[in-house]
Amino acid sequence: MRKWFQQKPWTFAGLGLFCIVMALWPWRNEVFALSPGCVFYRLTHLHCPGCGGTRCMRALSDGRVLTALRMNPLIFSALAWLGVFWLRGVLREWAVIARKPLVFPTSGGWWIAAVVLLFSVLRNLPWWPFCLLAPL
Amino acid sequence: MQWYYSKNGAQNGPISFEELKTKIESKEVGPRDLVWKDGMADWVPAGEVADLRPAFGVPVAAQPAPAASAPAAEAVAPAAAQAPVPGYQTQERPLQPGYAQAPATYGAPVAPPAQGMAIASMVCGIVSLVICCAWYFSGPIAIVAIVMGHISLSRIKSQPAQYAGKGKAKAGVITGYIGLLLALIVAVCAIFAMTLTPEKLEQMEFLPKEMREQIRKDMEKKRSSRELIPDQP
């Protein structure tokens with residue numbers, strides 16, 4: 001098992017996550033109801049970068065993709081990226097593709113932090129193109 | 001054979017083996033910079049590739065013998081290859097015999113350097129950054145990201161053959177620290193707000209009253225228009 005995990009970590013991790021999600025699937029509404037209301041939002045009326053994340057997940061679990069995108073575009077696109085990288089990893093493990101692996105840039109962390117912080121500022125602006133980013 | 005090399009996260013290439021050797025000899029590519037060629041499972045530090053070891057060994061061999069002729073340098077090179085760089089005492093690697101002994105068999109089932117902890121650190125860091133408003137979740141997750149990021153950074157430094165993912169570990173540390181900072185700010189605000197009475201809290205709101213009324217009205221309007229879509233609040 002350990003050896004198999006070392007050889008095909010992406011496949012193994014994906015299968016594990018799939019099993020967990022499937023095990024919780026019948027109780028998904030109860031699981032979502034566990035998440036507490038946001039104290040930060042109640043006090044400040046500001047949207048933090050994760051605001052709408054639970055609604056995004058819930059919409060995805062119901063198959064309403066557009067609502068999910070509307071609730072939190074950042075989490076939605078992060079999940080999409082994760083899916084792409086996972087699929088790439090699985091295909092490489094099974095030698096379906098043998099393309100040059102990607103190198104994560106050393107400045108990547110700063111880029112991620114900048115995108116998240118910029119997103120959280122933009123979605124709190126009250127004007128037209130930016131208010132689309134707010135989960136309302 | 002086409003080689004690629006990576007410096008500071010940027011990918012360069014393809015170049016020939018001879019060109020890569022020239023770059024190593026001119027110190028443009030160091031032993032810790034990553035290289036890759038077709039058939040390799042993942043990028044590996046250049047100092048770990050057996051074919052490239054002599055290129056790193058040459059400058060070391062030239063130092064003790066100023067008048068070293070070419071055959072002499074050849075003779076010293078294998079000895080220098082034993083420790084091309086101080087701190088590279090990973091000659092006997094039971095996990096990855098393929099890298100050290102037979103670079104021709106790169107397509108063989110050789111385990112690529114592990115980067116699971118670096119990826120986990122990055123994921124935890126991003127999650128802590130995104131859910132910073134829920135400080136009681138994001139604070140602990142940020143600490144996990146920072147700890148795992150530092151552990152994997154030190155492992156990558158001491159055992160470059162077994163561990164990789166420096167950029168990801170760094171990203172985990174960076175986003176973890178920013179997430180922890182945001183969580184602390186939110187926590188201080190939230191705890192401070194808990195000590196206030198509702199009337200005082202009303203006075204503390206930083207927007208003027210008319211503006212808040214306007215925003216509330218807009219939100220109600222948007223909310224009522226959204227009610228048409230079967231959605232949860």
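**Exercise 1. Find which residues B:Ala183 touches, leaving out residues up to four places away in sequence.**

Step 1. Contact means heavy atoms within 4.5 Å. By that rule B:Ala183 touches B:Cys132, B:Trp135, B:Ser138 and B:Gly139. The model is predicted, so local features need pLDDT of at least 70 and side-chain atom pairs count only at pLDDT 80 or more, while totals for chains, interfaces and linings use all residues; side-chain values use heavy atoms, with hydrogens and water left out. Residues are numbered from 1 along each chain as its sequence is written, and chains are lettered from A and ligands numbered from 1 in the order in which they are written.

Step 2. Helices (H or I, at least four residues) and strands (E, at least two) are DSSP runs, numbered from the N terminus.

Step 3. B:Ala183 has a relative accessible area of 4% and is therefore buried. Buried means under 20% relative accessible area, exposed over 50%, and partly exposed in between (1.4 Å probe, protein chains only).

Step 4. B:Trp135 is 48 residues from B:Ala183 along the chain, and their C-alpha atoms are separated by 4.6 Å.

**Exercise 2. Describe the aromatic pair formed by B:Trp135 and B:Tyr136.**

Step 1. Rings of Phe, Tyr and Trp (its six-membered ring) pair if their centres lie within 6.5 Å; planes under 30 degrees apart count as stacked, over 60 as edge-to-face and the rest as tilted. Over all chains the count is five aromatic pairs.

Step 2. The rings of B:Trp135 and B:Tyr136 are 5.6 Å apart centre to centre with 70° between the planes, an edge-to-face pair.

Step 3. B:Trp135 is partly exposed at 25% relative accessibility, and B:Tyr136 is partly exposed at 36%.

Step 4. Together with B:Phe137, B:Trp135 and B:Tyr136 form one aromatic cluster.

**Exercise 3. State whether B:Ser128 is buried or exposed, and list what it touches.**

Step 1. B:Ser128 sits in helix 5 (residues 116-130) of chain B.

Step 2. Its relative accessible area is 0%, so B:Ser128 is buried.

Step 3. Not counting residues up to four places away in sequence, B:Ser128 touches B:Ser138, B:Ile141, B:Ala142, B:Thr175, B:Gly176 and B:Gly179.

**Exercise 4. Work out which strands stand at the edges of the open sheet in chain B.**

Step 1. The sheet has four strands in the order 2-1-3-4, with antiparallel pairing. Two strands pair if DSSP finds at least two bridges between them.

Step 2. Strand 2 (10-15) and strand 4 (44-45) of chain B each have a single partner strand, so they stand at the edges and one side of each is left without a neighbour in the sheet.

Step 3. Strand 1 (residues 3-7) and strand 3 of chain B run antiparallel and are joined by four bridges. B:Tyr5 has B:Val35 in strand 3 of chain B as its bridge partner.

Step 4. Strand 3 (residues 34-37) and strand 4 of chain B pair in the antiparallel sense over two bridges. In strand 4 of chain B, B:Val44 stands opposite B:Val35, and B:Pro45 stands opposite B:Leu34.
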